[in-house]
Amino acid sequence: MRKPRTASRLLRTALLPCLGLLASCASSGGAGYAERLAFTDGLSAEYKLGSEQKRLLQYYVSDTIRLVRSASAGETGIRDGRLVNRSSRDVDQVVIDGGTPGVVLASGPNWMAVSFEPGTYLYFVSRAHRQTWLADDYVDDQYYLYLPDFNGQAGTVRLGNVMYAATDDSFRAHLVVDRESFSGVDARQSRLPGRYLK
């Protein structure tokens with residue numbers, strides 16, 4: 001004769017594997033994970049970040065920033081009985097790859113000066129008004145690369161004290177930070193002996 005399934009058996013077959021999983025999480029001290037998210041005015045308000053706290057965070061640039069500067073020089077004249085026309089063009093290009101870490105040097109309402117290399121910095125601003133070019137990807141309170149004269153193709157940016165043209169998809173670049181979350185699980189396991197009718 002088969003014994004009827006008791007609550008004790010049901011508990012063992014259905015819940016014990018789950019409790020084992022919870023126990024393994026608890027023994028490892030809980031599960032933690034990090035996520036990278038856009039730095040926004042809302043995030044700053046949620047964590048009550050002032051200027052000093054903003055300087056303690058590690059920032060990353062979301063997308064590649066490509067800065068270009070060119071200078072031309074020319075010479076015309078007569079040399080050895082010939083007309084001479086010489087020209088040269090120097091192109092200086094700075095690339096900051098997406099994911100490059102940076103630190104905040106200074107900040108104010110809706111702006112931050114971020115350095116990706118000692119001695120230089122770029123401005124990032126919220127309320128950058130990029131909805132025309134970013135459409136649904138635009139988030140008003142994210143901190144985008146400051147391009148005051150952006151025309152849909154390029155915009156002027158100051159890297160330290162030198163002016164560059166930000167090209168390609170530089171207008172998409174915004175600041176992101178890591179956020180780490182932890183969740184602790186306390187689990188206990190007990191075995192019920194069961195009960196028989198008296």
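Partly exposed describes a residue whose relative accessible area lies between the buried limit, under 20%, and the exposed limit, over 50%. The close-ups below come from a predicted model.

**View 1. Asp168 and Arg66 meet in a salt bridge.** Asp168 has a relative accessible area of 48%, so this residue counts as partly exposed. Arg66 is partly exposed too, at 27%. Their side chains come to 2.7 Å, N to O. Asp168 sits in the loop between strand 10 and strand 11, while Arg66 belongs to strand 3 (residues 65–79). The pair therefore ties together parts that are 102 residues apart in sequence.

**View 2. A salt bridge links Asp178 to Arg36.** The N to O distance here is 2.9 Å. Asp178 is part of strand 11 (residues 175–183), and Arg36 is part of strand 1 (residues 31–38). The contact thus ties together parts that are 142 residues apart in sequence. Asp178 is partly exposed, with a relative accessible area of 38%. For Arg36, also partly exposed, the value is 45%.

**View 3. Asp169 pairs with Arg172 in a salt bridge.** The closest N and O atoms are 4.0 Å apart. Asp169 is partly exposed, at 44% relative accessible area. Arg172 is partly exposed as well, at 27%.

**View 4. Asp41, Arg127 and Asp140 form one network.** Salt bridges that share partners join these three residues. The count of salt bridges in the model comes to seven. Side chains of opposite charge can pair when their charged atoms come close.

**View 5. Strand 9 has two faces.** This strand covers residues 155–159, and its side chains alternate. Gly155, Val157 and Leu159 point to one face and are buried.

**View 6. Strand 9 and strand 10 make a hairpin.** Strand 10 spans residues 162–167. The two strands run antiparallel, and five bridges join them. Arg158 has Met163 in strand 10 as its bridge partner. Two residues lie between the strands. In the turn, Gly160 has a positive phi of about 65°.

Terms used
Residues numbered from 1 in each chain as written. Predicted model: local features only at pLDDT ≥ 70, side-chain atom pairs only at ≥ 80, totals over all residues. Heavy atoms only, no water. Buried < 20%, exposed > 50% of the residue type's maximum accessible area, 1.4 Å probe, protein only. Helix = DSSP H or I, 4+ residues; strand = E, 2+ residues; numbered from the N terminus. Pairing = 2+ DSSP bridges.
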